Amino acid sequence: MDVLANELAISRATLYRAVGSRDALLGEVFWAIAKILIAEAAGEARGTGPDRVIEVSRIFTELIESAQQMHKFVAEEPQTAARVLFTAAAEVRQHAIDAQFKIFVESGIEGDPAELRRRAALYLRTLEGVLYGPLLGSGPIAFESAEPALRALLRG
């Protein structure tokens with residue numbers, strides 16, 4: 001935060017008033033990056049229904065795997081990364097659930113909106129196991145290993 005405040009030529013107090021906390025700022029940065037990667041994955045994915053949802057997830061996973069700065073941050077600050085990525089504190093999780101719900105709808109997954117949102121949250125939690133397995137304590141999980149569970153969540 002000191003470096004950022006200096007770069008912006010403002011005081012730390014002003015920076016904290018503007019962003020709230022370091023976690024909130026990191027959450028916004030992570031979400032900004034994720035939105036770009038989600039849009040790229042959605043743009044590349046073909047098909048409809050569950051196949052499209054899985055393809056978006058597969059492409060997104062590949063894009064995240066190639067994000068070296070994110071891996072470095074997670075390795076160097078695992079507690080901060082977990083707080084920012086998996087709790088309500090930084091709102092990343094809620095943004096991600098909303099995005100997954102939108103992918104469901106755009107792909108033609110039908111159902112009661114409240115139920116689809118619950119399934120999107122569970123789908124996302126399962127996908128997080130693939131994306132951040134070591135951070136969650138489960139070790140690396142291949143996308144292919146999680147795909148049957150993800151597909152099960154897409155059945156009506």
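The expected span of a helix is 1.5 Å times one less than its number of residues. Keep that rule handy, and keep in mind that this is a predicted model.

**Stop one: helix H3.** Select residues 22–44, the 23 residues of H3.

Now colour the buried residues of H3: Asp-23, Leu-26, Gly-27, Phe-30, Trp-31, Ala-34, Leu-37, Ile-38, Ala-41 and Ala-42.

What do the buried residues of H3 pack against? Show helix H4 (49–65), helix H5 (68–76), helix H6 (78–86) and helix H7 (92–107), and you have the partners.

Rolling a probe the size of a water molecule over the atoms shows where empty space is left. Here the count comes to one cavity of 30 Å³ or more, and the largest cavity holds about 310 Å³ of space. To centre your view on it, pick Ala-34, Phe-60, Ala-96, Leu-124 and Leu-131, which lie nearest its centre among the 23 lining residues. H3, H4, H6, H7 and helix H8 (113–136) each give two or more residues to that lining, with the largest share, six residues, coming from H7. By class, the lining has 19 nonpolar, two polar and two charged residues.

**Last stop: Ala-9.** Jump to the loop between helix H1 (2–8) and helix H2 (12–19), where Ala-9 is found. Ala-9 has a positive phi of about 60° despite not being a glycine. Buried or exposed? At 68% relative accessibility, Ala-9 counts as exposed, because the cut-off for that is over 50%.

Key:
Residues numbered from 1 in each chain as written. Predicted model: local features only at pLDDT ≥ 70, side-chain atom pairs only at ≥ 80, totals over all residues. Heavy atoms only, no water. Helix = DSSP H or I, 4+ residues; strand = E, 2+ residues; numbered from the N terminus. Buried < 20%, exposed > 50% of the residue type's maximum accessible area, 1.4 Å probe, protein only. Contact = heavy atoms within 4.5 Å. 1 Å grid on protein atoms, 1.4 Å probe; cavity = no way out; pocket = protein on both sides within 12 Å on 5 of 7 lines; lining within 4 Å. Points joined across faces, edges and corners; volume = space filled by probe spheres on them. Nonpolar A, V, L, I, M, F, W, Y, C, P; charged D, E, K, R; others polar.
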